[in-house]
Amino acid sequence: MATPTLDKVEAESAASPYITVTLRIRRFNPEVSDEAQWQDFRIEIDPKERVLDALHKVKWDIDGTLTFRRSCAHGICGSDAMRINGKNRLACKTLIKDVNPEKPITVEAIKGLTVLKDLVVDMDPFFQAYRDVMPFLITKGNEPTRERLQSPEDRERFDDTTKCILCAACTSSCPVFWNDGQYFGPAAIVNAHRFIFDSRDEGGEQRLEILNDRDGVWRCRTTFNCTDACPRGIEVTKAIQEVKRALITRRF
Amino acid sequence: MSTESSAAIGSVEGVSLYDVDNPAPVIEPPRKRTGKTPKGSRTNFEMYAWLFMRLSGIVLVVLVLGHLLIQLVLDGGVSKIGFAFVAGRWASPFWQLWDLGMLWLAMLHGANGLRTVINDYAERENTRFWLKMLLYTATVFTVLLGTLVIFTFDPNIR
């Protein structure tokens with residue numbers, strides 16, 4: 001089809017998809033100030049683009065010092081979890097039009113972890129909790145010469161918790177974790193759940209023992225913040241409850 | 001935009017206290033996970049506490065609603081309550097047991113709930129310890145005093 005240049009220009013100016021959005025970002029730079037503060041950026045953006053695109057626009061065109069993590073930018077690597085309009089989300093999976101662009105869109109670092117700069121937090125405590133639940137296959141006896149087979153039903157049992165991308169959106173939305181970082185947090189429990197209910201794994205008892213402790217699953221207050229925050233739609237609270245049930249039925 | 005922002009972030013006097021070689025301390029969350037995970041206690045206490053909350057809650061619904069119904073609604077309502085009414089009720093072992101069960105379950109349920117709140121919100125180790133000691137003392141005192149009264153109640157006291 002022929003595309004007359006003049007017509008195209010006219011059509012674009014008539015219905016420009018761009019709108020002006022105010023991005024209110026919580027900035028923190030220890031090399032400048034010991035306090036974090038909000039800073040507004042006004043940008044022209046298509047509302048069908050994502051918050052991550054807006055952050056890129058700011059970083060590339062307006063202020064290069066804006067610091068945030070992102071790798072794949074397609075909701076798989078789990079680097080860009082942040083608090084957008086007060087709710088933990090992945091910036092790369094949140095469209096501008098879905099976060100009420102008429103008002104300023106607030107973007108801040110996830111809570112409960114040390115902010116290093118702007119939107120970058122220290123993820124070490126989070127990953128340490130993850131490591132503590134031993135998120136790897138534990139087996140006894142000789143290694144089989146072929147694959148460890150599993151029925152579709154057995155695989156289905158823990159299917160939901162295999163989707164975790166370790167973005168920390170759930171753990172940093174948990175009010176117990178905000179007040180006590182010693183709590184293992186939803187993400188670690190989800191990843192323990194993934195192995196506890198795996199029929200091929202034989203380390204379930206050890207993991208249950210770890211989560212039975214003071215900072216384990218019994219600190220969960222079932223506020224469902226984690227389920228709401230999970231960008232992968234994992235029923236996190238349900239997984240935690242299933243671990244609780246496994247602990248109780250194991251004893252009685 | 002950039003000039004505006006640097007002015008906003010820098011201190012009012014125009015001289016920042018912090019620079020690249022001398023960064024400000026980062027803001028750490030309360031009770032951050034330590035480098036090495038503390039060794040677990042390997043007891044089932046937390047599980048039993050959690051279970052107790054659920055079970056005592058169910059029993060308390062029956063006990064407390066029944067108590068309120070008898071005391072405040074049935075047979076003349078609140079106006080009938082007096083020394084004689086209490087004495088009459090505690091003459092029966094059934095109501096003694098009812099009130100004893102209610103006292104123990106409600107006190108332990110409430111104490112465990114407060115213990116949870118203290119564990120969640122008291123950040124400093126010392127504050128947490130002393131708040132819990134205060135809580136346990138108050139609980140033990142109330143439970144013992146109540147039990148004593150229920151069992152040694154004398155309707156002929158003058």
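Student: Before we start, what should I know about the model and its numbering?
Tutor: Residues are numbered from 1 along each chain as its sequence is written, and chains are lettered from A in the order in which they are written. The model is predicted, so local features need pLDDT of at least 70 and side-chain atom pairs count only at pLDDT 80 or more, while totals for chains, interfaces and linings use all residues.

Student: How many residues does each chain put into the contact?
Tutor: Chain A gives 36 residues and chain B gives 33 residues, where two residues are in contact if their C-beta atoms, placed from the backbone, lie within 7 Å.

Student: And which helix of chain A gives the most?
Tutor: Helix 3 of chain A does, with four residues on the side that touches chain B; helices here are DSSP runs (H or I, at least four residues), numbered from the N terminus.

Student: Switching topic, at what angle do helix 2 and helix 4 of chain B pack?
Tutor: Helix 2 (residues 45–73) and helix 4 (residues 93–121) of chain B pack at about 135°, with their axes 9 Å apart, the axes being lines fitted to C-alpha atoms over the stretch in contact and angles running from 0 to 180 degrees between N-to-C directions. The two helices of chain B are therefore oblique to each other, since angles under 35 degrees count as roughly parallel, over 145 as roughly antiparallel, 65 to 115 as roughly perpendicular and the rest as oblique.

Student: What about helix 6 and helix 9 of chain A, how far apart are their axes?
Tutor: Their axes are 9 Å apart, at an angle of about 60°, and helix 6 of chain A and helix 9 of chain A are therefore oblique to each other.
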